[in-house]
Amino acid sequence: MIGIYSHGRSYMHLLDPRTKLALMVGMGLLIYSAQLPALTVLLALVLLLSRASGLPYTRLVQGLRPVLVFFLVIFLAHLLFTPGEPLIEGLVVPTVEGVTTGSVLVLRFILLILYTSIMTYSTSPSGLNYALTFFLRPFGTFGTDLAFMTGTAMTLIPGLFREKDTITKAQAARGYKPRGMKGFTALVVPLMNRSLKRVDELSDALESRCFHSKRRYYYYRQTLANRDYVAVGIYVVLAGVVLFVRFEARF
Amino acid sequence: MIELKDVYFSYPSGAVLEGIDLTVKKGEYVGIMGHNGSGKTTLARLITGLLLPGKGYVRVNKIFTTDSERLLDIRRSTGMVFQDPDAQAIGETVEEDLVFGLENLGLPVPEIDTRIEKYLDLLGIRELRHRNIRTLSGGQKQLVNLAAVMVMEPECIILDEPVSMVDARCRKMILQHIARLNHEGTAIVHITHDPEELIRCHRLIVLSRCRVTNQGTPHEVFGQLLDEKEMDVPAPYAISRKLGLPPALTIKALLEELCRSRSGN
Amino acid sequence: MSIEIRQLTHIYDAGTPWETIALDRIDLTISKGTVFGLVGGIGSGKSTLASLMAGLGTPADGSITIDGEPPNPGRNVGILFQQPEDFFFEKTLFEDMASGLLHLGLTEEEVHKRIHSTLDLLGLDHQILDRSPFHLNRGTLRLAAFATVLTMRPGYLILDEPTASLDPKSRKRLVEVIKRISGDIAIIYISHRLQEVVAVSEYLAVLEQGKVAFTGTVPGYLDWAAWQDAWEYLPVLNQVMYGLQRMGFDVDLNVACLEDALEQIRLSLERT
């Protein structure tokens, strides 16, 4: 779901990670407040950004596959249960409003995922760490520690999925596909077991390499460049337009 | 440089080390041999203070591992390479992994750059610099782990089963690098169950049933082990001794002895 | 009665830049009642082959049949993964071992009988059944995991690095058991500890980058490795023999243990 980082020198790659993190949060807010017309613009924008980051469309869209069913369910639920002007006659009535509401919600989710994918594809975990550290620095050691924890957790997540695969296979190899609560235990207990072992070893490695709370993150120091200002500028304009349209529509 | 005195350690499941005395001098290459379950992994972690002894003490450069304020100093002079190549990967790319330790040390950026280039070159993995660690083979990952430790230039490197999860080709390479490191002055503590890995060490220690049972040069210790039949010794050594030839630690040496013996006939 | 593998192909991440051909048209036959070793370095495809043989996953192309049927995990084929003791999760060992069997449809009495007889076969104390898997040591747990797979009575059993991380006593026991039961079932033994594979197996296959580089008997394997000058495929003792052969000594490449090697060398020295 989250596009894994790939080293590169595209426009998006070269943007300061702090800009990207801030923009991502900003885009999130914008997506949430935008209505259908604005959302389509944002959709076009995301495809443009995908180009700008070197992320091929196929991979971008692949991130959506696991949640497609989820989207379908949401869309259908809104299609059928939103009150309004009916499209066809019947027991359960799809409405015009239903189509709109459903599409808006699904589109918002899709856009969130797509923007996040582009962000994580073009930002190294180090960069992300740096950006998080920068924004959390006002909170002192707690902030930088939190940033580090988040960064490390992200690196560990793919490993968790791999372990889950191995465990399901191993249990299946016993001819045994447990369901329900038992199935949950059969997966979770070994998963916790192995993950805790892994994390134990990782923390040993961290300590051995002299990790300490007061350490500074300075190698991957970034300076803001013109392109960052341009990117922020574009965002401000976009936000202005979207919000204007939204509130204009109200009156 | 490293000193363990009368060290005891137990897990809830039972005692694992009893009355261990051990020293490692600057620049020494010490091999610690023991079966799986003999406490050798525990020993590795006791040296750097990842674990604390139940009784006795551990000192690195005269600093006790129980001195929590100065643990960082201990870790600066000792680097550790663990058994599982995957479990030690800290950064996403090889470069990030190496930068991590150096940032922890607070070295200036130009120094970091110099060191990274130097050690990637030394280990012959310069082209892996920007590769994602997860895409590397087990042997390559372990080389990266070794680089990440070497780059911090510790006085002593501790290796806990460094090549047991690594393919044959990388194995040979890593062992050679370790020997070379020691040549250039770094003390090495090499812990393993495989005697073939330890033929180059200055001093060999055997851990068995929670205690140090043998200590001495590889020749001395392998000789004792061969007679006691307790543990494996390198095959060339066993063959040369059993045939009454001068003891050979490597296959090459053994073949030379056998040729000499043949022409002697 | 055998496992027939024909033109087996498997590709990961097909159609993406990460596409890797894990297995490339593999042909193999593994007969019942033998121990078949599988050797290969990283990226050789042996883990993929093991998974597919165990019926966990569908190959991209080609076929695997076990006694004429497709692989059915837990029924006609079983697999013991690496570090199998991590996969226990029940409160007592007995419950863990019984769960798979109950799923097969056996009665509680039959389950009891099978578990007890398998433990006897492996020389394990029945007392461990009442203990929690988290309180037993690794060697015992490994044998228990082995027992668990055996209770399913598969005709073919795949063992992936069965002796890794074990102390010598447990290792020896496991190998003894394998030798003992190999008459009734076929065992596919995957390990990178060449000395062990060579000592236990009758037949061997070598995988290199998804292709079968060699398949045949163990003496054949040693000859093949020597002919290739592939030292990394020879266990240490056999490396010594090979080195001697290259220097003109008249010795047999195939030695199973130290005593054999010494015998060969002594005889060769006497002849000169």
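**Reading a predicted three-chain model**

Colleague: What covers the buried residues of H9(C)?

Modeller: The cover includes helix H8 (236-246) of chain C, along with helix H8 (235-242) and helix H9 (251-264) of chain B. Helices (H or I, at least four residues) and strands (E, at least two) are DSSP runs, numbered from the N terminus. A residue is buried with 20 or more other C-beta atoms within 10 Å of its own, exposed with 12 or fewer, and partly exposed in between, the C-beta atoms being placed from the backbone.

Before we go on, this is a predicted model, in which local features need pLDDT of at least 70 and side-chain atom pairs count only at pLDDT 80 or more, while totals for chains, interfaces and linings use all residues. Residues are numbered from 1 along each chain as its sequence is written, and chains are lettered from A and ligands numbered from 1 in the order in which they are written.

Colleague: How should I read the two sides of a helix?

Modeller: An α-helix has 3.6 residues a turn, so residues three or four places apart point the same way. Here, C:Ala261, C:Gln264 and C:Ile265 of H9(C) are buried. They lie on the same side of H9(C) because their arc around the axis is only 95 degrees, counted from the directions of the C-beta atoms from the helix axis. The other side of H9(C) has C:Glu259, C:Arg266, C:Leu267 and C:Glu270, which are exposed.

Colleague: What span should the 14 residues of H9(C) have?

Modeller: The expected span is 1.5 Å times one less than the number of residues. For H9(C), residues 258-271, that gives 20 Å, and the end C-alpha atoms are 20 Å apart, which agrees.

Colleague: And how do I read a strand?

Modeller: In a regular strand the side chains alternate between the two faces of the sheet. Take strand E3 (residues 29-34) of chain B: B:Tyr29, B:Gly31 and B:Met33 point one way, B:Val30, B:Ile32 and B:Gly34 the other way, and all are buried. With 6 of the 6 residues buried, E3(B) is largely enclosed by the rest of the structure.

Colleague: Which strands pair with E3(B)?

Modeller: Two strands pair if DSSP finds at least two bridges between them. E3(B) runs parallel to strand E8 (residues 187-192) of chain B, over 5 bridges, with B:Val30 opposite B:Val189. Another 5 bridges join E3(B), again in parallel, to strand E9 (residues 203-208) of chain B, where B:Gly34 has B:Leu207 as its bridge partner.

Colleague: How many residues does each chain give to the contact between chain B and chain A?

Modeller: Residues are in contact if their C-beta atoms, placed from the backbone, lie within 7 Å. Chain B gives 28 residues and chain A gives 22 residues. H3(B), residues 94-105, supplies the largest share of the chain B side, 7 residues. That side divides into 13 nonpolar, 8 polar and 7 charged residues. Ala, Val, Leu, Ile, Met, Phe, Trp, Tyr, Cys and Pro count as nonpolar, Asp, Glu, Lys and Arg as charged, and the others, Gly among them, as polar.

Colleague: What does chain A look like overall?

Modeller: Chain A has 10 helices and 0 strands, and its C-alpha atoms fill a box of roughly 65 × 60 × 35 Å along the principal axes. Of its 251 residues, 31% are buried.

Colleague: Which scores does the model carry?

Modeller: The model has ipTM 0.87 and pTM 0.82. The pLDDT, the predictor's confidence in each residue from 0 to 100, averages 86 in chain C, where 98% of the residues score at least 70.

How values were computed
Two residues are in contact if their C-beta atoms, placed from the backbone, lie within 7 Å.
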